[in-house]
Amino acid sequence: MLNIILMGPPGAGKGTQAVDIAEHFHIPHISTGDMFREAIANKTPLGLQAKAIIDQGGLVPDSLTIDLVKDRLSKDDCANGYLLDGFPRTIPQAEALAELGPKIGRAVNLAVNISVPDEILVDRIAQRRVCPKCGASYHLVNRKPAKDGICDRCGSELIQRKDDNAESFKVRLENYNKQTSPLLDYYKKAGFLHEFNGNQAVETIRQEVFSLLEANQ
C-alpha cells in the first residue's frame, strides 16, 4: 500500500508530480493547499480565517490543518492508499500524523522529497500558472499548456496564484526552510525518506519516482 507524503520547497514541482502519481497508481491526491483554496472560494469560516494568513505568505495554524487532514484521510477513497501534498509542514504536524495515521488505518510508509536550489525556485514561481479547478501546474517556459492559458486536463483558464510573487515567495521559502526542512531529518530517521533531484526534466523525475513507488506497492 502506498501511503505517501510528497515533500519539497514551493515551486519544486510537487503539484505536477502529484497529479501524475495519483493517476498512475489510482490513489487520491490530497493537497491541503487545494482544500484551503476551496474553503476560501466557498467563504467558509475556516476559509476566511485561512485567507488572511495565506495572502500574507504565511502558514495556516497546525490545529486547523490537522483537523482538515484527519477528516480527509478518514474517507473511504483513502483505504487503499493516498498521496499527501503540502502536509505535514512542521514537526508537530508530522507527530500528529504519526499518531492519528495508525488509529485510522492510514499510517505513512513513504516520504518523497523533491529538492531544487533556491535560485531556480525564484524563476519557477514567477513563471508558474495553475488550474484553479483540477490543480494541474504549468510553467510558461518548461511546461507550457497545449493551448496558451488553458488547462490541458480540464479546459479551465489558468491563473497565477496571488502568493506566486517575489514578496510572498520569499516569506514562503523562509517559512519552508525554518519549519519544513527539519522534516527531512524526521523522516530520514524514521526510514521513510527518499530524495530526488528536482532540477531535471519533469519526465525524468517522474520515471525515478515511479520506479520507487512500483517497488513499494
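This is a predicted model: local features need pLDDT of at least 70, side-chain atom pairs count only at pLDDT 80 or more; totals for chains, interfaces and linings use all residues.
For helix 4 (residues 62-73) and helix 5 (residues 91-103), the angle is about 30° and the axes lie 10 Å apart. Angles under 35 degrees count as roughly parallel, so helix 4 is roughly parallel to helix 5. The crossing of this pair is right-handed. On the helix 4 side, the contact is made by Asp62, Thr65, Ile66, Lys70 and Leu73, which meet Pro92, Gln93, Ala96, Leu97 and Leu100 of helix 5. Sorted by class, six of these residues are nonpolar, two are polar and two are charged.

Helix 6 (residues 118-127) and helix 7 (residues 166-180) form the other pair, with axes that come within 11 Å and cross at roughly 140°. The two helices are therefore oblique to each other, and their crossing is right-handed. Here Asp118, Leu121, Val122 and Ile125 from helix 6 meet Phe169, Arg172, Leu173 and Asn177 from helix 7. This contact comprises five nonpolar residues, one polar residue and two charged residues.

Helix 3 (residues 45-55) has local features to look for at both of its ends. At its start, a side-chain oxygen of Thr44 comes to within 2.9 Å of the backbone nitrogen of Gly47. Just after helix 3, the backbone of Gly57 adopts a positive phi of about 85°.

Technical notes. Residues are numbered from 1 along each chain as its sequence is written. Side-chain values use heavy atoms; hydrogens and water are left out. A polar contact is a pair of N or O atoms within 3.5 Å; within protein, one must be able to donate a hydrogen and the other to accept it, and residues adjacent in sequence count only if both atoms are side-chain atoms. Helices (H or I, at least four residues) and strands (E, at least two) are DSSP runs, numbered from the N terminus. Axes are lines fitted to C-alpha atoms, for helices over the stretch in contact, and angles run from 0 to 180 degrees between N-to-C directions. Angles under 35 degrees count as roughly parallel, over 145 as roughly antiparallel, 65 to 115 as roughly perpendicular and the rest as oblique. A crossing is left-handed if the near helix is turned anticlockwise from the far one by less than a right angle, and right-handed if clockwise. Contact means heavy atoms within 4.5 Å. Ala, Val, Leu, Ile, Met, Phe, Trp, Tyr, Cys and Pro count as nonpolar, Asp, Glu, Lys and Arg as charged, and the others, Gly among them, as polar.
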